[in-house]
Amino acid sequence: MATLQLASWAINLTYANLTTGVLTAANKSFYNWAGCAIGGYAFQSAPQIALNTTLSLFSGPPTSSILGANGSISLGFADAQTAALVNGIASHVDDYDDTHLETIIHPAGPVASALLAVAEANGPVSGQDFLTAFVAGVEAECKLGLSVSPEHYDVGWHITSTTGSVGTAIAVGKLLGLDTTHMQHAIGIASTQVVGMQEFFGSDTKSFHIGRAAQGGMLAALLAKNGYTSSLQALEAKYGWLHVVSTRENATADVKSVQLRVNPEVLILTGKTSPQTGLEGKFSIYHAAAVGLLYGEATPSQFTDAVVKNSIVINMRNKVNVTNDDSVPRASAHLTLTFSDGSSVEKYVEHAKGSIENPLTDAELEKKFMEQVGLAIGEARAERANGVFKNVQNMEDVSKIQGMF
């Protein structure tokens with residue numbers, strides 16, 4: 001379900017979801033990447049060797065920039081695949097690019113190198129669409145990295161490239177407008193292209209990892225867009241990315257059981273053990289717990305007929321056990337996850353999200369509004385509606401509200 005969850009999140013991400021801090025960081029990251037790519041090409045031989053090797057033998061029409069090759073028009077542009085490779089190498093060859101300290105991933109290199117190449121080849125592309133796709137790819141890289149760190153890096157993988165191909169596929173797929181299923185295929189095609197080991201640190205091949213991850217992720221998205229298939233469970237399957245590249249036991253262990261201890265009123269209201277429709281799912285704590293674990297959220301998108309009938313969701317739902325406890329407040333819950341390796345994780349939710357004690361933050365409420373409204377009336381109108389409904393107290397005439405968005 002991790003593959004579906006990641007694909008669904010990326011598809012549903014909108015520019016309106018991005019906070020000011022995220023946008024500022026994304027702009028700085030792309031700006032920093034461009035400086036590294038231009039400077040790296042000019043002063044290091046590796047990206048120039050890569051361009052000279054691939055340009056005449058393998059290239060298609062010159063649609064995309066080689067950022068540092070400003071000496072002549074013939075060397076300043078290449079096909080998107082070559083541009084992604086060369087700019088990826090150039091941006092990392094000095095090891096001067098951005099770093100996510102928790103995972104030691106250099107996230108911008110693979111994603112930006114492919115994303116700019118595709119944007120130039122398929123333009124026009126707005127800055128908002130570009131940055132939204134960029135954030136989706138970088139966030140995916142870092143979250144994947146966190147799921148396997150530090151063991152993945154410690155055994156010798158080059159984590160920037162092993163996660164970079166997947167992040168790049170998501171970014172490019174987002175820009176190309178892939179739907180959820182096609183994005184799952186893109187993630188699968190990218191994840192099977194695992195590239196990069198630390199043996200090559202200190203040589204030109206280290207930066208080649210980043211260029212190749214950019215190339216591979218781009219190709220994954222393009223293939224998926226045109227109907228090329230992969231596994232829809234590429235990340236979480238027994239022989240998928242997470243299990244193969246990680247040595248972390250809990251990351252690869254299956255959930256054996258989910259134990260909930262709640263107030264008796266919870267089962268009275270939401271006690272349906274086997275919902276058959278999305279509407280019934282709203283009255284099932286078993287379904288709510290399952291989708292919360294699998295998707296990381298429980299929005300209307302997780303309470304559809306399709307999700308309720310999804311075999312992976314049903315399997316997880318069947319692992320949920322609920323017991324009553326009068327001492328547990330209505331807005332509280334005790335959760336224990338037990339894994340097949342015998343390990344367990346416990347969580348106490350003292351106050352449910354949305355309660356007086358744990359209200360939605362302004363950012364969370366705006367995210368909720370924009371997700372719902374954007375799906376219904378489009379992002380542009382949703383932006384206007386967001387401004388209108390947040391400031392009703394300042395309106396001179398509320399009867400005119402419909403015409404304001």
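Predicted model: local features only at pLDDT ≥ 70, side-chain atom pairs only at ≥ 80, totals over all residues.
A residue counts as buried here when its relative accessible area is under 20%.

**Helix α9 itself**
- α9 covers residues 159–176, and its 18 residues reach 26 Å from the first C-alpha to the last, close to the 26 Å expected.
- There's a bend of about 30 degrees in α9 at Ser165.
- Just past the end of α9 comes Gly177, with a positive phi of about 80 degrees.

**Packing against α7**
- Helix α7, residues 127–148, packs on α9 with the axes 8 Å apart and an angle of about 150 degrees.
- Angles over 145 degrees count as roughly antiparallel, so that is how α7 and α9 run relative to each other.
- As for handedness, α7 and α9 make a right-handed crossing.
- On the α7 side, the residues that meet α9 include Ala133, Ala136, Gly137, Ala140 and Gly145.
- Among those on the α9 side are Thr163, Gly164, Gly167, Ile170 and Ala171.

**A closer look at Ala171**
- Ala171 belongs to α9, and it counts as buried because its relative accessibility is 0%.
- Setting aside neighbours within four places in sequence, Ala171 touches Val111, Leu115, Ala133 and Gly137.
- Ala140 is 31 residues away from Ala171 along the chain, yet their C-alpha atoms are separated by 8.8 Å.

Technical notes:
Residues numbered from 1 in each chain as written. Heavy atoms only, no water. Helix = DSSP H or I, 4+ residues; strand = E, 2+ residues; numbered from the N terminus. Expected span 1.5 Å × (residues − 1). Bend = angle between axes of the 7 residues up to and from the residue. Axes fitted to C-alpha atoms, helices over the stretch in contact; angles between N-to-C directions. Parallel < 35°, antiparallel > 145°, perpendicular 65-115°, else oblique. Left-handed = near helix turned anticlockwise from the far one by under 90°. Contact = heavy atoms within 4.5 Å. Buried < 20%, exposed > 50% of the residue type's maximum accessible area, 1.4 Å probe, protein only.
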